[in-house]
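Thank you all for coming.

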Amino acid sequence: MSSASVHGDESHLSEHERALAASLSAEEFKALFRGHPGGVAVITAEGPDGPVALTATSVASVSVDPPLLIFSVSALSSATPAILAAETIVVHLLDADDLDVARLASTSGVDRFADHRIWTRLVTGEPVYNGVRAWVRCSIVERMNAGGSTVIAAHALQSDIARDVTPGEHGDALVYHNRTWHRLGEHSRIRD
């Protein structure tokens with residue numbers, strides 16, 4: 001055996017393979033993002049066996065012209081196959097008053113649509129939760145595999161805002177931070 005093999009010579013690897021070999025562990029990466037809060041959204045779609053939902057903290061706006069947003073879905077979620085197959089989805093942007101919807105969509109093994117009083121269908125057929133802060137119906141325009149997840153780019157088609165946030169005001173935002181739900185409000189504002 002050559003000394004290069006013993007000492008881990010990686011010259012045969014591509015630049016991309018070397019970069020992956022030097023990456024953080026899953027635990028290191030999780031620890032990194034535990035301290036980075038994310039806004040809470042619920043994604044719904046119509047699947048072949050009925051409506052599906054999942055909670056996501058990865059939703060972000062990308063462009064206002066055209067109006068595009070992105071989010072990711074994990075291959076581990078039971079809702080992912082239906083969302084990936086859908087042409088259109090609904091992204092619910094939640095605030096603290098919507099915590100029950102966030103919890104419901106993040107609970108494994110439950111029927112997220114059993115209570116017909118809390119959701120309905122848009123005239124276009126997509127499931128939508130009633131009374132949430134805001135929702136946007138989107139057409140999926142791109143899907144990109146990213147490790148054990150898929151990043152989805154979606155074009156905003158239709159929206160509804162039940163509880164608007166005045167520019168410069170705190171609203172009543174719901175965020176997920178360090179494995180717990182948090183409410184942003186006046187108490188959390190940092191004054192200059």
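Let me begin with pLDDT, which is the predictor's confidence in each residue, on a scale from 0 to 100. The mean pLDDT of this chain is 89, and 90% of its residues reach 70 or more. Over residues 1–7, however, the pLDDT is below 50, and beyond near neighbours in sequence this stretch has two contacts in the model, a contact meaning heavy atoms within 4.5 Å.

Two remarks on conventions. What you see is a predicted model, in which local features need pLDDT of at least 70 and side-chain atom pairs count only at pLDDT 80 or more, while totals for chains, interfaces and linings use all residues. Residues are numbered from 1 along each chain as its sequence is written, and side-chain values use heavy atoms, with hydrogens and water left out.

Now the overall picture. The chain has five helices and twelve strands, taken as DSSP runs numbered from the N terminus, with helices being H or I of at least four residues and strands E of at least two. Its C-alpha trace spans about 70 × 50 × 40 Å along the principal axes. Among contacts between residues at least 6 apart in sequence, 60% join residues at least 24 apart. Of the 192 residues, 29% are buried, where buried means under 20% relative accessible area, exposed over 50%, and partly exposed in between, with a 1.4 Å probe and protein chains only.

Turning to the interior, a nonpolar core here is a set of buried Ala, Val, Leu, Ile, Met, Phe, Trp, Tyr and Cys residues joined through side-chain atoms within 4.5 Å. The largest such core has 20 residues, of which Ile43, Phe71, Ile83, Ile89 and Val91 touch the most other members. The elements β2 (41–47), β3 (50–56), β5 (67–74), α4 (80–85), β6 (88–93), β9 and β10 (149–161) each supply at least two residues of this core. A second, separate core of 17 residues includes Val90, Trp119, Leu122 and Val128.

Which residues does Arg137 touch, beyond those up to four places away in sequence? Among them are Ile89, Val90, Leu122 and Glu126. Arg137 sits in strand β9, residues 134–146, and it counts as buried because its relative accessibility is 14%. Its side chain is joined to that of Glu126 by a polar contact of 3.4 Å; such a contact is a pair of N or O atoms within 3.5 Å, where within protein one must be able to donate a hydrogen and the other to accept it, and residues adjacent in sequence count only if both atoms are side-chain atoms.

Finally, some backbone details. A cis peptide bond, with omega about 5°, joins Asp65 and Pro66, and Pro66 lies in the loop between β4 (60–64) and β5. The loop between β11 and β12 (180–183) holds Asn178, whose phi is near 50°, a positive value in a residue other than glycine. Arg179 lies in the loop between β11 and β12 as well, and its phi, near 65°, is again positive in a residue other than glycine. Asn178 counts as partly exposed because its relative accessibility is 43%, whereas Arg179, with a relative accessible area of 55%, is exposed.
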